[in-house]
Amino acid sequence: MTFPKPFIERYNSLVDDPEAFFRALETPLPKSFRVNPLKGNRNQIRTQFEQYGFGITSVPWYEDAFVSDTPNIGATIEHFTGQIYIQELASMLPPLAIRNDLKYGKLLDLAAAPGSKTTQAACLMNNRGVILANDSDYLRTSALRFNIEKQGVVNTVVTNFDARTLRLPEPFPVVLLDAPCSSEGTIRKNPAVLRQWSERLIQTVSTLQKQLITNAYNLTAPGGVLLYSTCTFAPEENEGVVQQLLDTTEATLERVRFQSLQTSPGIEAWRGTPFPGLKHAIRVWPHRTNTDGFFLAKIRKP
Amino acid sequence: MNSTLLSKTEKQDLLTQLRERFGIPAAAFHNKEFMKASKGRIFLVSEESVPFIDSLNPRAAGFLAARMHKTLKPSTNLLQFVGNTITTNKIALTEAQFQDLNKWAETESTEATDGYVALFYRDICIGCGLKKGTSIKTMVPKGKRIPVTFL
């Protein structure tokens, strides 16, 4: 894998162990999945997979998540019938970060397609309440609908609005913004990300993300929670976006912890810009967790 | 998606058909509602979703549960969803029968009566089939039929 020179320079100065970081990016991702409890039984599926001859390992921070030693889990009848969902481990974190808040029974998922986090949230809500699953890309809502149907999710309403300008009759107690990003954290499964990577792309996406988080906050009810996440490392798309919201509103950041998952706090500054409020954000690094890279910030609206 | 709630009578009729054909009890749909849309489509949604469907004109809601024309055609999604409550007109497939159907071939069975049937492999409901005589055709949508080598 050939990394662009600016990419190497940027992360040599940001990552605690650059050598391990770049080595991890060149290592294939483990195959992971989660059981869909709306259709399948965790113990039965685990037993069945072991009978297929698959090596299955539990994930300590999520009871429905597993890692498989074989890539063939997509060719099982359990996948055929939607009893499992093939999903990268780090991408399972955002719904877990708002797990306790989902008890309110209403979730707005602003950039929902293709639906991995939407359907996971539906599982955590036991198919009750309502999820407003929006995506501004009409074609991607087809994939979202397909996955919702396959997983047997009934509590989701799919819309196709521009999330920057979306207005709703009432705000939501829980809002998830898994923002479109430069996807640096997914390089392990999709090296093509590097071919499109540039500092300019990061700036362009960052501008969009700031517009999205501003409206996401507007759509959050007082006392409610906004979970902002990306699958990228760039501080301009992560701490920089959240810091702007903290600077311009009364929002506060809440600490998120995942037991047995080695995360890092948000960084304090980048290229001369301080991020004084971001220590409660979470960074997930591939060389620490053997997953994709991820960023999460749990924002409370007073 | 222009849709409206099934009327009480329509809902009762739907539940009766599902019970008589497949033995599915009404309790399987506790806290859920059926919405009817164009072309006889019926969607299964959570009851809390209904006000949002009415006010937002969404692209979709819940999942397609059935189509109602002269007869009720249950979707594969619906039969998978309530698979563990199905007691009648279920056909247990062998591995060879499953693979035949998955490749869009017909297979044969003497189980069940003519009409729509629930197809099972082991205790897993794989979806809807149509039985005529001893012939069974899969109604599982093509997009959902992926190669399966572990079953």
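This is a predicted model: local features need pLDDT of at least 70, side-chain atom pairs count only at pLDDT 80 or more; totals for chains, interfaces and linings use all residues.
In chain B, the charged end of K90(B) sits over the ring of F120(B), 4.4 Å from its centre, where a charge is taken to sit over a ring if NZ of Lys or CZ of Arg is within 6 Å of the ring centre and within 35 degrees of the ring normal. Residues are numbered from 1 along each chain as its sequence is written, chains are lettered from A and ligands numbered from 1 in the order in which they are written, and side-chain values use heavy atoms, with hydrogens and water left out.

Over all chains, the structure holds 24 aromatic pairs, defined for rings of Phe, Tyr and Trp (its six-membered ring) whose centres lie within 6.5 Å, with planes under 30 degrees apart counted as stacked, over 60 as edge-to-face and the rest as tilted. One of them is the edge-to-face pair of F54(A) and F150(B), with 4.8 Å from centre to centre and 70° between the planes. This pair crosses between chains, from the loop between α3 (42-52) and β2 (56-59) of chain A to the segment after β11 (135-138) of chain B; helices (H or I, at least four residues) and strands (E, at least two) are DSSP runs numbered from the N terminus. Both F54(A) and F150(B) are buried, that is, under 20% relative accessible area, with exposed meaning over 50% and partly exposed in between (1.4 Å probe, protein chains only). The pair of F172(A) and F52(B) is tilted, because the ring centres are 5.6 Å apart and the planes stand at 50°. Since F172(A) lies in strand β8 (residues 172-178) of chain A and F52(B) in helix α2 (residues 50-56) of chain B, this pair joins two chains. F172(A) counts as buried at 1% relative accessibility, and F52(B) counts as buried at 13%. Within chain A, one aromatic cluster includes F3(A), F7(A), W197(A) and W285(A).

Chain B contains an open sheet of five strands in the order β1-β2-β3-β5-β6, with antiparallel pairing, two strands being paired if DSSP finds at least two bridges between them. Its edge strands, β1 (4-5) and β6 (72-74) of chain B, each pair on one side only. Strands β3 (residues 41-46) and β5 (residues 63-68) of chain B run antiparallel and are joined by four bridges, and F43(B) stands opposite L64(B) in β5(B).

In chain A, strand β3 (residues 62-68) is mostly covered, six of its seven residues being buried. Strand β1 (residues 31-35) of chain A pairs with β3(A) in the antiparallel sense over four bridges, and K31(A) has S68(A) as its bridge partner in β3(A). Four bridges also join β2(A) to β3(A), again antiparallel, with F66(A) as the bridge partner of S58(A), and a hairpin connects β2(A) to β3(A) through two residues.

E239(A) is found in helix α10 (residues 239-248) of chain A and counts as buried at 0% relative accessibility. The side chains of E239(A) and R283(A) are joined by a polar contact of 2.7 Å, a polar contact being a pair of N or O atoms within 3.5 Å, of which, within protein, one must be able to donate a hydrogen and the other to accept it, while residues adjacent in sequence count only if both atoms are side-chain atoms.
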